[in-house]
Amino acid sequence: MISVSKSQVKPPLPYSARDVVLPGDAACHGCPIPIALKVLSAVFGEKVILVVPACCTSVIVGTYPGQSLRASIIHVPFASAAAVASGVAQALKMRGVSDVQVIAWAGDGGTADIGMAALSGAAERNEDLIYIMYDNEAYMNTGIQRSSSTPLGAWTTTTPITGKSEHKKDVAKILVAHSVPYVATASVGYPHDLYSKLQRARSIKGFRFIQIHAPCPPGWRFDPKYTARIAKLAVETGFWILYEYHNGKITLSGPSRPLLDPSKRRPIEEYLKLQGRYRSIAPELINSIKEYIEDNWSWVKRYLL
Amino acid sequence: MPRVIALTGNHAVAYAVKLAKPDVIAAYPITPQSPIVEKLSEMIESGELKSSMIRVESEHSALAACFGAAVAGARVFTATSSQGLLYMHEVVHWASRARIPMVMALVSRTINTPWNIWPDHSDFVDQRDAGWIMAYAMDNQEAFDLTLQAFKISEDPSVYLPVMIGIEGFILSHTAMPVEILDEKQVEEWLGERKQPYIVDGSEPLGLGGLTPPEDTEDMFYGIQVAMEKSKDTIRRVDREYGKLFGREYGGLVSCYNCSDAKYFAVAMGSWSGDLIEATSKLRDEGYSLGVVRVRFYRPFPHEDLWGTLRGAKGVFVFDRAISFGAWGPIYTDLVAGLLQYTSKLPPVVNVVAGIAGVHVGAEDFYEVLKSLIGQVESGLEHGYFKWVRVRR
Amino acid sequence: MVRVVKPEENYKLPLTKPVVGVAGKTGLWRTMRPVVDNEKCTRCYQCEIYCPVNVIRVEPELGVTIDYEYCKGCGICEDVCPRSAIVMVPEPGE
């Protein structure tokens with residue numbers, strides 16, 4: 001028995017992470033979304049209003065008259081998360097309610113595609129809210145159809161034979177271009193990193209955007225037990241870069257910092273081979289992905305401290 | 001102190017909104033509505049109105065932001081027209097089915113294709129199935145009064161449905177008429193604080209709109225129909241109270257002109273009712289037994305009131321400023337269905353569709369059409385009750 | 001400024017409240033179940049942090065406990081445990 005004294009062991013995340021995401025939701029085995037919600041609840045507890053458009057979360061939280069979150073949820077039209085959240089934030093401000101965090105909680109489809117106009121509008125107006133896009137890289141809720149956030153070469157039900165022919169739309173980059181107070185990329189593979197980013201976002205006023213990479217077992221075609229592993233591999237191969245944008249500069253986060261040196265990045269093949277959605281990917285496309293990774297790092301470097 | 005000033009329909013609405021003191025306004029510009037929002041922006045920036053104005057990037061976002069603010073406990077307002085209303089159509093349904101009180105001004109303009117900024121009722125009636133309470137003004141004073149009353153009706157616990165007030169683009173929106181603006185203190189006392197059936201503001205964990213099985217959903221939608229029925233009494237009560245307090249009463253869901261002894265009736269909605277009334281006065285002078293029923297509230301549809309007035313009629317002429325392509329004018333359809341709730345024997349009920357896409361229809365046109373139709377009915381007209389009259393000069 | 005007043009008619013509103021097991025007893029979904037060896041466990045908390053159904057609790061004295069009524073058997077806890085203190089085994093009866 002490895003002896004561990006009580007005083008040395010402290011839960012790395014606050015206990016409120018135990019109280020908000022309730023067991024028995026409708027999520028698939030190994031779903032990354034409740035993992036991200038747990039981290040969110042570690043920071044904010046019950047005092048959030050999640051503004052949720054059509055996405056996996058809409059159905060994960062279950063059916064009337066119950067919901068699997070001990071928090072407030074407003075279900076909203078697909079394109080409107082950022083707009084509804086803006087209204088909620090302004091109402092609370094006018095009513096003098098200051099202890100509740102308004103969070104637009106949307107998938108990649110509802111953010112990068114149909115929700116892009118409302119997102120851009122809310123960002124431009126610097127609405128005082130946090131927009132969190134959890135990115136499982138397709139319209140998973142409706143059955144794995146391609147979104148603009150789907151990466152190059154990935155199988156989806158609407159790109160079933162040739163795979164997606166375009167690179168992944170970089171939403172975080174779009175938000176950096178809006179010069180909002182805070183933009184961060186995160187991953188369910190690194191919950192402590194996500195936790196500190198949420199804490200930092202909490203302390204900043206104005207429009208804050210966090211994009212959480214969220215591997216989806218049925219959509220990416222992998223065994224549900226590997227959700228965390230694949231999320232980590234995305235970062236370790238340099239495919240998904242963890243950073244924060246604040247005051248005009250980008251800071252690389254711990255796990256991504258060493259990967260400025262390309263030789264430190266794990267080969268992208270290690271990431272691709274674990275996912276059934278890349279099973280038939282053509283070798284030329286893999287080269288294209290390697291270039292894409294390098295291009296992303298070049299862009300990040302230009303903003304570094 | 002109440003005061004009378006010359007105001008366009010748009011500004012009349014803006015002054016009413018100012019008195020209602022919304023917490024949040026979210027709107028997007030569109031001709032002919034823009035002056036409402038411009039005026040409200042000016043009132044906010046000068047400090048006269050303490051509201052938060054969200055200058056959203058689309059109409060869909062305008063109603064979505066209002067929805068979010070209203071759910072979180074704010075009194076809200078928006079305004080739009082035509083294409084903008086169609087763009088927010090999804091949220092129009094979302095709001096009423098959420099039973100969340102809010103008010104929208106609709107400055108009517110026809111619908112594309114092609115580009116056309118002139119008025120008819122097509123954008124208004126296009127929302128008829130969504131579960132909003134819908135009323136249409138005849139002049140700028142009524143636009144002002146209805147806008148204020150909309151907040152009162154919407155926030156009543158017997159109702160809890162959003163309310164849409166329509167005015168015609170340009171005819172009312174851009175034409176100045178004398179309007180009495182009420183006293184701020186009096187309105188504040190009468191309107192009171194906002195009430196709503198629930199609030200999602202983090203004070204307790206609560207979810208709105210989660211996935212719901214069929215039977216429960218049907219129960220919720222049935223509740224909307226019940227509320228629509230109950231709202232009729234509330235609408236009549238608010239109209240009477242407003243009359244007692246502020247001196248203007250309109251007769252409830254419909255307004256009747258010279259109906260008590262009339263054998264023939266013309267039915268219409270909106271500002272052209274004024275021209276219609278002028279034409280019927282002339283016809284009455286010539287000996288015709290003619291009254292006018294003006295539809296004020298289109299939803300809930302006032303079939304009891306209409307039956308009460310039309311039950312002994314020898315002929316009814318329903319003027320519609322919109323068409324349901326492939327079928328009839330919308331008021332006509334609802335009116336015939338409404339009367340059939342009470343009787344299986346109807347007199348000739350004729351539908352005249354006119355004034356579409358902004359075509360001007362004046363008193364002289366109503367005069368000609370009514371004279372001709374009454375003549376036809378007296379000669380035993382038994383069919384061909386639908387006429388699209390394309391007025392040309 | 002604003003007051004919640006119940007609607008006059010007793011009709012249903014589209015409101016939901018927090019409840020455990022909103023999708024039923026999700027433990028019934030399992031084909032594999034996690035088995036914990038608390039002697040090997042170092043109380044690193046990784047399994048509790050990553051468990052998507054929030055059914056794992058790590059306590060300094062007790063070690064790891066799992067609520068099998070709702071555990072879906074995804075296996076993430078086994079994959080993240082640095083000491084292989086959790087192993088997925090076939091659900092009895094499968």
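Close-up 1. Helices (H or I, at least four residues) and strands (E, at least two) are DSSP runs, numbered from the N terminus. This is a predicted model: local features need pLDDT of at least 70, side-chain atom pairs count only at pLDDT 80 or more, and totals for chains, interfaces and linings use all residues. Residues are numbered from 1 along each chain as its sequence is written, while chains are lettered from A and ligands numbered from 1 in the order in which they are written.

**Close-up 2. H13(B) has a buried side and an exposed face turned away from that side.** B:Asp365, B:Phe366, B:Val369, B:Leu370, B:Leu373 and B:Ile374 are buried. These residues cover an arc of only 145° around the axis, which puts them on the same side of H13(B). The arc is that of the directions from the helix axis to the C-beta atoms. The face turned away carries the exposed residues B:Ser372, B:Gly375 and B:Glu378. A residue is buried if 20 or more other C-beta atoms lie within 10 Å of its own, exposed if 12 or fewer, and partly exposed in between, with C-beta atoms placed from the backbone. The cover over the buried residues includes S12, helix H10 (272-285), S13, S15 and S16 of chain B. Just after H13(B), B:Gly380 takes a positive phi of about 95°.

**Close-up 3. Chain B holds an open sheet of 6 strands with mixed pairing.** The strand order is S11-S13-S12-S15-S16-S17. At the edges lie S11 (254-257) and S17 (386-388) of chain B, and each pairs on one side only. Two strands pair if DSSP finds at least two bridges between them. Neighbouring strands are turned by 20° against each other on average, direction ignored. Helix H11 (residues 303-310) of chain B packs on the sheet, and its direction makes about 15° with that of S11(B). Helix H12 (residues 330-339) of chain B also packs on the sheet, at about 145° to the direction of S15(B). Axes are lines fitted to C-alpha atoms, for helices over the stretch in contact, and angles run from 0 to 180 degrees between N-to-C directions.

**Close-up 4. Chain B meets chain A.** The contact takes 37 residues from chain B and 40 residues from chain A. Two residues are in contact if their C-beta atoms, placed from the backbone, lie within 7 Å. H3(B) gives the largest share of chain B's side, 9 residues. Strand S3 (residues 72-75) of chain A and S10(B) pair in the parallel sense over 2 bridges. Here A:Ile73 stands opposite B:Gly207.

**Close-up 5. Chain C meets chain B.** 17 residues of chain C are in contact with 27 residues of chain B. S2(C) gives the most to chain C's side, with 4 residues. Strand S9 (residues 194-196) of chain B and S1(C) pair in the parallel sense over 3 bridges. B:Lys195 stands opposite C:Arg3 in S1(C).
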